[in-house]
Amino acid sequence: MGDSAGGNLAAVSTLVGIDRQMAFAKDLQSVGLVYAATCIGCPNVSKIKHKKVIDNDKMTWFTMMYLRSPIDAFDWRASPMFAPQALLAKMPHTYSVLMHRDPLYDEAFAFHKRVLRAKKQTHKNGDGDSNATAEVEVGVFAGFHGLYGTNVAPSGDESVAWLVSKLKAHTDRHAREWETRHTTQTCDVSGGDRCPATTES
């Protein structure tokens, strides 16, 4: 998981891992995106409306420091908003935290909608990817960029609690499934009984 630029890295790392069939991506159960920057340099209403939080000059500076050249902004490895639909459909359970007064609100919400749409379309087409039915949810809280995880306002803690509950549910479920698959059966053979056959995956 990650927030802001870290949310960008979390989304991109997940997509690159899936695209290149990396080992970690196969076991990735869920990803948390906290007001993630998903469309670098893209103009939108929230960036104008909430420019006092992060003004345009700062946004431009961040963009220049992040990219090799302006054209890189259209590469999905920099702006995951532009990732192919087939790749977005393979995202694991994806949970997004948004704050109302945030310049990144529009692009973070738009990315949430793109992932959701990609999964619905893939599932409708019956393409068979197991992640096509993965959950895609968004939690919107009263607050501003940078509030997540702070005690400045109640939504700082509330947003953490919401995201942790979502991520923990899949982590606990995965741990239980792994334990079930790898639990070694024990039996008493002192009386000559044979142990039942076990299968491990």
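**View 1. The residue classes that line the largest pocket of this predicted model.** Sorted by class, the lining of the largest pocket holds 18 nonpolar, eight polar and two charged residues. The pocket has a volume of about 570 Å³, and its lining is made up of 28 residues, among which I40, G41, M59, F62 and T63 lie nearest the centre. The elements that give two or more residues to this lining are α1, α3 and α4 (56-66), and the largest share, nine residues, comes from α4.

**View 2. The largest cavity and the residues around it.** Rolling a probe the size of a water molecule over the atoms shows where empty space is left. A search of the whole structure finds one cavity of 30 Å³ or more, and the volume of the largest cavity is about 30 Å³. Its lining consists of L33, Y35, A36, T38, S96, V97, L98, A108 and F111; by class, seven of these residues are nonpolar and two are polar, while none is charged. Both β3 and α6 supply at least two residues of the lining, and the largest share, three residues, comes from β3.

**View 3. Helix α6, its buried residues and what covers them.** The 21 residues of α6, taken at 1.5 Å a residue, should span 30 Å, and this agrees with the model because the end C-alpha atoms of the helix are 30 Å apart. What covers the buried residues of α6 includes α1 (5-19), β2 (30-34), α3 (45-49), α5 (85-88), β3 (93-101) and β4. After the helix comes G126, whose phi is positive, near 65°.

**View 4. A134, a buried residue in a loop.** A134 has its place in the loop between α6 (105-125) and β4 (136-144). With a relative accessible area of 9%, A134 falls under the 20% cut-off and therefore counts as buried. Although A134 and H93 are 41 residues apart in sequence, their C-alpha atoms are 4.9 Å apart in space.

Conventions
Residues numbered from 1 in each chain as written. Predicted model: local features only at pLDDT ≥ 70, side-chain atom pairs only at ≥ 80, totals over all residues. Heavy atoms only, no water. Helix = DSSP H or I, 4+ residues; strand = E, 2+ residues; numbered from the N terminus. Buried < 20%, exposed > 50% of the residue type's maximum accessible area, 1.4 Å probe, protein only. Expected span 1.5 Å × (residues − 1). Contact = heavy atoms within 4.5 Å. 1 Å grid on protein atoms, 1.4 Å probe; cavity = no way out; pocket = protein on both sides within 12 Å on 5 of 7 lines; lining within 4 Å. Points joined across faces, edges and corners; volume = space filled by probe spheres on them. Nonpolar A, V, L, I, M, F, W, Y, C, P; charged D, E, K, R; others polar.
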